[in-house]
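Please open the structure in your viewer and keep the selection tool at hand. The stops below say what to select next and what is there.

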Amino acid sequence: MRLRSLLAIALAGVMPDAGAGAWACGDELGSARRLEGDRYVVAYVTVPAPIVAGAHFVVDFVVCPRAGIATPDSVRVDAMMPEHRHGMNYRPEIVAAKNGRYRAHGLLFHMSGRWDLTFDLSTATGTERLTETISVE
Amino acid sequence: MSARGTFVVIAACIVATAMAPQAGVMAQPGASDFPEAEALKRILQLGPWPVAARNDPSNRVSGNADAVAFGAALFIDTRLSGSQRIACATCHRPDRAFTDGRDRGVGAARGDRNTLTLLDVAGQRWYGWDGANDSLWSQSLRPIVDSREMNGDLARLAALVRSDAALRQHYVRTFGSAPGTRDDRIAVDSAKAIAAYVETLRSTRTAFDDYRDALARGDVSTASRYPTAARRGLALFVGKGRCDLCHSGPRFSNGEFHDVGVPFFAERTRVDSGRYDGIRRLQASPYNLLGAFNDDPARSTATSTRHVSLAHRNYGEFRVPSLRNVARTAPYMHDGSLATLRHVIRHYSDLDEDRLHADGESILRPLRLSDVDIDDLVAFLETLTSAGPP
């Protein structure tokens, strides 16, 4: 974990601004969705894609800090249906991989409709939440 | 995701176009009343039926014919119970769609909950009204040892299988060796045989399935045979009623848990907390899919058990039951408190939102249905009855 964090910090120092230039956060994920925040960019794909209502899925994602921003101390993935005011019935587990990549296991959208998938990226100075609205058939 | 979504919408539009009224094509009254594209899309998601049968990897004898025969024998054997008078089939009666027709099950004592059907239960994520079990075999063991149901125990069951010549022979055929010395292992194996039998209890196709498939292939003639009242009821089901939010997919259930405003007092001074206690009992059970009795080393069906989350809002939630053959499984709700389908629909029509116990969940709202609407919904639900046995 410490090695991964150090590597992520080192990479953050040499990477260009995540939102600019030819390089794009999460290029290695292929056709990833990108969520742009003030401090971080998150690129993610789901497996399977598209998400199927009532079936577990995983989220593979990369967190790219903007220039001068520290890598997050903690990363949390969750989801909820704002229209119904409920979340998932399952708590995802996040496993850190190499090079700032993560995999969130155990998500399940148990109803069709509009879900907000959220990434909470926290440091000692605060949390940035990036949200993607997903329509599940 | 978007590609698939686009395909579905396009397919729906194509079907809708194909089903559009054409002079000289539709001979029967009401045949021009085809669903709009959005409703059609939602209707198509309620099938096709049957779903493909898959063996349960957590049960090494799932799909095994010898196990099915062993399980069928155990299912009707009253010696599994403490009183020697109660079998699985006592409450799960084949002539009542594997329910008992009572408001609450009665075994060694009167229970708190309505007896669920055993039809089409193979492959569910959770079992029972509270989902305290995550496999059909663990659910099959539960009533045998429950003091208010069959009131048996592991030692009694194991001794019976060891000593009875016929059951012992079934065991050897099914598992390839004589029953050993561990009572819990023999009891769980017996429950796995019962599960193998129960997996075979599948409902046949319904009038709704014929209608749904006719819509899918653009078969105007067949679709037009579906009763007009049922068609209006179905339109309410996927439209104003939004019933398919929870009663979704070919099983007419999302397999999860909701608070639908039914009081959760099992008695005046005792509460049935439903899913809340179900999760706690699941997590404490040695028979859950994370435990040693799971025959699948990869734990490939244990994801839900590993990640399920206990929350205060689970209090008073109960599992969404399938609606297949619902007209044959009265009375209704987790406590059997509603006698007829008409009572159930009226419950949702007149729902008192203040009585909902969930922490902020807002799926339900009073539907304010007319008497005709209620008749139409009943007509639709009756078309979910299998045409043939079981």
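The tour starts with the two chains and then goes into their parts.

This is a predicted model, in which local features need pLDDT of at least 70 and side-chain atom pairs count only at pLDDT 80 or more, while totals for chains, interfaces and linings use all residues. Residues are numbered from 1 along each chain as its sequence is written, and chains are lettered from A and ligands numbered from 1 in the order in which they are written.

**Stop 1: chain A**

Select chain A and colour it by secondary structure. Chain A has 1 helix and 9 strands; helices (H or I, at least four residues) and strands (E, at least two) are DSSP runs, numbered from the N terminus. Going from the N terminus, the order is α-β-β-β-β-β-β-β-β-β. Of its 137 residues, 31% are buried. A residue counts as buried if 20 or more other C-beta atoms lie within 10 Å of its own, as exposed if 12 or fewer do, and as partly exposed in between, with C-beta atoms placed from the backbone.

Next select R85(A), in the loop between β4 (74–81) and β5 (86–87) of chain A. R85(A) is not a glycine, yet has a positive phi of about 55°. With 14 other C-beta atoms within 10 Å, R85(A) is partly exposed.

**Stop 2: where the chains meet**

Show both chains. Here 20 residues of chain A are in contact with 20 residues of chain B, where contact means that the C-beta atoms of two residues, placed from the backbone, lie within 7 Å. On the chain A side, the touching residues are 7 nonpolar, 9 polar and 4 charged. In these classes Ala, Val, Leu, Ile, Met, Phe, Trp, Tyr, Cys and Pro count as nonpolar, Asp, Glu, Lys and Arg as charged, and the others, Gly among them, as polar.

**Stop 3: chain B and its domains**

Now select chain B, which has 15 helices and 4 strands. Of its 390 residues, 47% are buried. Colour residues 28–50 + 203–264 + 315–390 as domain 1 and 56–201 + 275–313 as domain 2; the bounds come from an automatic or database domain assignment. The C-alpha centres of domain 1 and domain 2 of chain B lie 29 Å apart. Between them, 24 residues of domain 1 are in contact with 25 residues of domain 2. The domain 1 side of this contact has 8 nonpolar, 8 polar and 8 charged residues.

**Stop 4: helices α3 and α8 of chain B**

Select residues 65–75 of chain B for helix α3 and residues 183–198 for helix α8. Their axes are 7 Å apart and the helices pack at an angle of about 100°; axes are lines fitted to C-alpha atoms, for helices over the stretch in contact, and angles run from 0 to 180 degrees between N-to-C directions. α3(B) and α8(B) are therefore roughly perpendicular, a term for angles of 65 to 115 degrees. Residues in this contact include F70(B) and L74(B) of α3(B) and I194(B) and Y197(B) of α8(B).

Which residues of α3(B) are buried? They are A67(B), V68(B), F70(B), G71(B), L74(B) and F75(B).

**Stop 5**

**Stop 6**

Select G47(B) and P48(B), which are joined by a cis peptide bond with omega about 0°. The peptide bond from W49(B) to P50(B) is also cis, with omega near 0°. P48(B) is in the loop between α2 (37–44) and α3 of chain B.

Finish at N325(B), in the loop between β4 (318–319) and α14 (341–349) of chain B. N325(B) has a positive phi of about 60° and is not a glycine. Is N325(B) buried or exposed? With 21 C-beta neighbours inside 10 Å, N325(B) counts as buried.

Conventions: Angles under 35 degrees count as roughly parallel, over 145 as roughly antiparallel, 65 to 115 as roughly perpendicular and the rest as oblique.
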